[in-house]
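Let's take a friendly walk through a protein model together. Have a look at the chain and its fold first, and then read on.

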Amino acid sequence: MSTVLSNLMPFYWIREGLDEQETYEQLKQLKDVGIDCLIGGVHSSDYMGSGYFADMKKFVDACKKLGMTFWIQDEQAFPTGEANGLVRSHPKLGKQFLY
């Protein structure tokens, strides 16, 4: 019998200071109902800092254990595309075109 992957890709907000066991159990429940892929990001007061990356690593590790795919949404807030204000403070990182 072949495996059919779900076409669903729910958005998952990762809480700052996530509990690894609770997160694993939540992901397992999603996996058990056929959801193989998620998109989301960490809501953190330490956006792009060590706490943000520590929480992201824990989440990605749990996804790996369950054989799930995770797409990272890399913005802190609207509007997207400015990397939490970093683009405004470094204009060379802004939009560029190739012609």
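This is a predicted model: local features need pLDDT of at least 70, side-chain atom pairs count only at pLDDT 80 or more; totals for chains, interfaces and linings use all residues.

His43 lies in strand S2; helices (H or I, at least four residues) and strands (E, at least two) are DSSP runs, numbered from the N terminus.

Leaving out residues up to four places away in sequence, His43 touches Trp13, Ile14, Arg15 and Glu16 (contact means heavy atoms within 4.5 Å). Gly17 is 26 residues from His43 along the chain, and their C-alpha atoms are separated by 9.6 Å.

Local features need pLDDT of at least 70, side-chain atom pairs count only at pLDDT 80 or more, totals for chains, interfaces and linings use all residues, and side-chain values use heavy atoms, with hydrogens and water left out.

The protein averages a pLDDT of 78, which is the predictor's confidence in each residue, from 0 to 100. Confidence is highest in helix H1 (residues 20-32), at a mean of 91, and lowest in helix H3 (residues 86-89), at 73.

## The nonpolar core

The largest nonpolar core has 16 residues, of which Ile14, Leu27, Leu38, Phe59 and Phe70 touch the most other members. Such a core is a set of buried Ala, Val, Leu, Ile, Met, Phe, Trp, Tyr and Cys residues joined through side-chain atoms within 4.5 Å. Helix H2 gives the most to this core, with 6 residues.

Note on methods. Residues are numbered from 1 along each chain as its sequence is written. Buried means under 20% relative accessible area, exposed over 50%, partly exposed in between (1.4 Å probe, protein chains only).
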